[in-house]
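Notebook open, viewer open. I'm jotting down what I look up as I go.

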Amino acid sequence: MNYLSLLKEAVAPKSNKNQPPIIKDTNARKLDKNLQVDFKRLFDEQLKDNAKYSIKYGGEPVGRHFLKTALMMAVPGLFYIKDDSLLGFLLLLKTGERIKIIHFFVDPKYRSQGVGTALMKKAFKTSKKEGGKRIELDVWENNKNAQALYSKHGFKRMLNTMSKKI
Ligand SMILES: CC(C)(COP(=O)(O)OP(=O)(O)OC[C@H]1O[C@@H](n2cnc3c(N)ncnc32)[C@H](O)[C@@H]1OP(=O)(O)O)[C@@H](O)C(=O)NCCC(=O)NCCS
């Protein structure tokens, strides 16, 4: 390498653009500080999703508080990162052989591009590696997009959640 190209390399800004995506098995508190996450927008978006699906069944849109707490408490999860941005994630409650996905969210800007599928597949892999035998989640009855994804990956309905306003 000659002197000029060495100089060019030193001057060129280091860029993480156009890197292949990575899925990090970690928790929100351990995420790289440089990661670009607009948590305010993300919480607003997730609140909208939650309200859209839950309101019909009398559920209160408490998703924002739930998600904030889960992230602050460093619940483990899988975080899909591309070019220093967080595109989506799922949080996993590991209780022995039964693993529960307690939150699954893809930034609306990046939906229907395979991010959810990649996270789901990775969840199967890591859960199995850690001794998991069954993976579970709750989904609102009218959230047909998410249900289509789950059915495609072999999830079957096992439980009816009963709810009563008090
Ligand atoms: C559900 C969610 C996580 C899926 O993530 P995603 O990155 O959009 O998923 P993918 O691109 O991998 O899509 C996988 C499958 O999901 C279904 N799907 C996703 N978006 C859809 C849409 N807009 N309309 C219909 N089906 C859709 C399809 O079956 C799709 O398969 P296909 O691409 O072969 O048609 C995402 O839409 C999301 O964050 N939704 C709001 C929050 C939510 O509902 N979370 C789940 C709570 S249980």
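Predicted model: local features only at pLDDT ≥ 70, side-chain atom pairs only at ≥ 80, totals over all residues.

Which element gives the most to the shell around the ligand? I looked it up: α5 does, with 5 residues.

**Ligand shell.** I counted 19 residues around the ligand, and Arg111, Gly116, Thr117, Ala148 and Leu149 come nearest. Then I checked which elements supply two or more residues to that shell, and got β4 (98-106), α4 (115-129) and α5 (144-152). I also sorted the shell by class: 9 residues are nonpolar, 7 are polar and 3 are charged.

**Helix α2.** Next I went to α2, which runs over residues 39-54 and has 16 residues. From first C-alpha to last I get 22 Å, close to the 22 Å expected at 1.5 Å a residue. I then asked which α2 residues are buried, and found Gln46, Asn50 and Tyr53. They sit on the same side of α2, because they cover an arc of only 70 degrees around the axis.

**Lys68.** Last stop was Lys68, in helix α3 (residues 63-72). Why does Lys68 count as partly exposed? Because it has 14 C-beta neighbours inside 10 Å, and the partly exposed class falls between the exposed cut-off of 12 or fewer and the buried cut-off of 20 or more. I also took its C-alpha to C-alpha distance to Phe39: Lys68 and Phe39 are 9.3 Å apart in space and 29 residues apart in sequence.

Methods:
Residues numbered from 1 in each chain as written. Helix = DSSP H or I, 4+ residues; strand = E, 2+ residues; numbered from the N terminus. Near = placed C-beta within 6 Å. Nonpolar A, V, L, I, M, F, W, Y, C, P; charged D, E, K, R; others polar. Expected span 1.5 Å × (residues − 1). Arc of directions from axis to C-beta.
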